[in-house]
Amino acid sequence: MKTTARALSTPVRFRATERAGEVSGLLLLPRDARCLLVLAHGAGAGMHHPFLDAMASHLTEHGVATFRYQFPYSEHGSGRPDPRPVLLATVRSAVTVALERAGDLPLVAGGKSMGGRMTSLAAAESALPGVRALVFVGFPLHPAGTPGVERAEHLARVTVPMLFLQGTRDALAELDLLRPVCDRLGALATLHVVEGADHSFHVLKRSGSTDHDVLRELAATTASWVSKRLAVG
């Protein structure tokens, strides 16, 4: 357990699935927390990736607590993601743990790329306990170079508000395809576009912005959206 000027950081161990065993989690709780975001990592990096570290830190500045966690394959150092049933079960286990630790804080869930998509797939199967909204940090709508919308079909079965944070240079989500997806979801979907950002939310120097600027934008947008949609804070 570590206390900083802004937040209390608490390591957590929990069972992902009976067969996969325990994985690591990290609860970052600011003193003025207004909600708790269960934040899953992307396919190529675990919960300690610098992007997620920075995102969680910036979120604390806006009163958003985070619970990051490992999928079993990343916990064990493998580069190959677990089968989908294991990933979905891990999402549900993480949400259950977060709910137990949230106290009176409203619960939101989501993640970076694959982590966000797995969270939405789990929510589409059946409602995630206590989760009142979903946040996608770069929703992977399709593989790079293979445009399509099949990966979004399950979103029609999600019953809570959804925030899509997407860059204009994201090779895994052409905006001409994603915008109609969000339009079909109606009032449940909000699309926030980050000009010049790619799937990793990296921006080119000529854009006039920095990656740090983008992270601050993502955190501020998430906090503001959650506050409005859930009427918290």
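Biologist: At 26% relative accessibility, what does Val193 count as, and why?

Modeller: This is a predicted model, in which local features need pLDDT of at least 70 and side-chain atom pairs count only at pLDDT 80 or more, while totals for chains, interfaces and linings use all residues. Residues are numbered from 1 along each chain as its sequence is written, and side-chain values use heavy atoms, with hydrogens and water left out.

Val193 counts as partly exposed because its relative accessibility is 26%; buried means under 20% relative accessible area, exposed over 50%, and partly exposed in between (1.4 Å probe, protein chains only). Val193 belongs to strand β9, residues 189-194; strands (E, at least two residues) and helices (H or I, at least four) are DSSP runs, numbered from the N terminus. Neighbours within four places in sequence aside, Val193 is in contact (heavy atoms within 4.5 Å) with Gln166, Thr168, Leu175, Arg179 and Glu217. Lys112, 81 residues from Val193 in sequence, is 15 Å from Val193 in space, C-alpha to C-alpha.

As to the interior, a nonpolar core is a set of buried Ala, Val, Leu, Ile, Met, Phe, Trp, Tyr and Cys residues joined through side-chain atoms within 4.5 Å. The largest such core has 48 residues, and Phe67 is among those with the most contacts inside it. Helix α3 supplies the largest share of this core, 8 residues. Apart from this core lies another, of 27 residues, which include Val194 and Leu37.
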